[in-house]
Amino acid sequence: MRSKRKVPAAIAALVLFATGLLIAVETISALFGRPARIVPYDRVADWARASTWQDNAVMACAGAIAIVGMLLILIGTVSGRPRLVPLRSSDPNMIISTPRRMLARVLGTVAAQVDGVRQARAKVRGRRVTVRAGTDLRDTAALRERVRDAVEDELAKLAPVGRYTVKTKVRGAP
């Protein structure tokens with residue numbers, strides 16, 4: 001039920017794949033006696049021998065690697081916005097889910113079926129459901145309550161995991 005991390009995972013996978021491919025090419029070509037020398041190892045080795053841990057360039061590289069590593073750990077551990085809403089089922093050991101948009105459509109349809117409502121839409125953001133309805137009536141207070149009750153009843157039937165609050169806005173005739 002967690003959000004997908006497609007883009008960061010794809011970037012990390014491509015970087016690791018390219019690094020592994022480079023290492024494989026360099027190693028296999030060196031084993032056959034004809035090193036590919038894609039990476040100038042001699043210059044890198046000379047620089048590494050001449051540098052100390054206190055050099056600014058070494059500290060900057062180490063800091064950049066540490067920041068990238070911490071960023072990858074943060075991306076991997078912090079949950080994003082879930083795209084699915086978990087719903088309880090009749091079996092206590094099984095939870096099903098539905099996309100947020102589908103839940104919003106269902107709740108919008110339920111709100112549109114209330115007597116006096118001309119059209120209705122619902123949005124699900126976090127743990128809040130916002131229903132906007134239009135009517136030809138001038139007095140909207142009673143209709144707002146009926147719409148909220150209908151949406152809350154439908155939410156109770158669907159039994160989402162966690163509590164959702166319902167906010168209704170009804171626009172009446174001028």
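The model is predicted: local features need pLDDT of at least 70, side-chain atom pairs count only at pLDDT 80 or more, and totals for chains, interfaces and linings use all residues. Residues are numbered from 1 along each chain as its sequence is written, and side-chain values use heavy atoms, with hydrogens and water left out.

**Strands and hairpins**

Helices (H or I, at least four residues) and strands (E, at least two) are DSSP runs, numbered from the N terminus. Two strands pair if DSSP finds at least two bridges between them.

Let us start with strand 1 (84-88). Strand 1 runs antiparallel to strand 2 (residues 95-99), and 5 bridges join them. Val85 stands opposite Thr98 in strand 2, and the hairpin between strand 1 and strand 2 passes through 6 residues.

Strand 3 (residues 117-125) and strand 4 (residues 128-135) are also antiparallel, joined by 8 bridges. Here Ala120 has Ala133 of strand 4 as its bridge partner. The hairpin formed by strand 3 and strand 4 has 2 residues between the strands, and Gly126 in the turn has a positive phi of about 60°.

**The nonpolar core**

A nonpolar core is a set of buried Ala, Val, Leu, Ile, Met, Phe, Trp, Tyr and Cys residues joined through side-chain atoms within 4.5 Å. Buried means under 20% relative accessible area, exposed over 50%, and partly exposed in between (1.4 Å probe, protein chains only).

The largest nonpolar core has 23 residues, and those with the most contacts inside it are Leu107, Val117, Val129, Val131, Val147 and Val151. At least two residues of this core come from each of strand 1, helix 4 (100-112), strand 3, strand 4, helix 5 (141-158) and strand 5 (165-171).

What does Val147 touch, leaving aside its neighbours within four places in sequence? Val147 is in contact (heavy atoms within 4.5 Å) with Ala111, Val114, Val117, Val131 and Thr168.

**Two pockets**

On a 1 Å grid over the protein atoms alone, a pocket is an open set of points where a 1.4 Å probe fits, with protein on both sides within 12 Å along at least five of seven lines; lining residues have an atom within 4 Å of a point. Grid points are joined across faces, edges and corners, and a volume is the space filled by probe spheres set on the points. For residue classes, Ala, Val, Leu, Ile, Met, Phe, Trp, Tyr, Cys and Pro count as nonpolar, Asp, Glu, Lys and Arg as charged, and the others, Gly among them, as polar.

| Pocket | Volume | Lining by class |
|---|---|---|
| Largest pocket | About 410 Å³ | 5 nonpolar, 1 polar and 8 charged residues |
| Second largest pocket | About 280 Å³ | 3 nonpolar, 3 polar and 5 charged residues |

Of the 14 residues that line the largest pocket, Arg100, Arg101, Ala104, Lys123 and Val124 are the closest to its centre. Strand 3 gives the most to this lining, with 5 residues. The residues that line the second largest pocket include Gln119, Arg132 and Lys169.

Ser29 lies in helix 1 (residues 6-31) and counts as buried, because its relative accessibility is 14%. Not counting residues up to four places away in sequence, Ser29 touches Arg34, Pro35 and Ala36.

Leu74 has its place in helix 3 (residues 56-77). With 48% relative accessibility, Leu74 counts as partly exposed. Leu74 and Arg144 are 70 residues apart in sequence and 43 Å apart in space, C-alpha to C-alpha.
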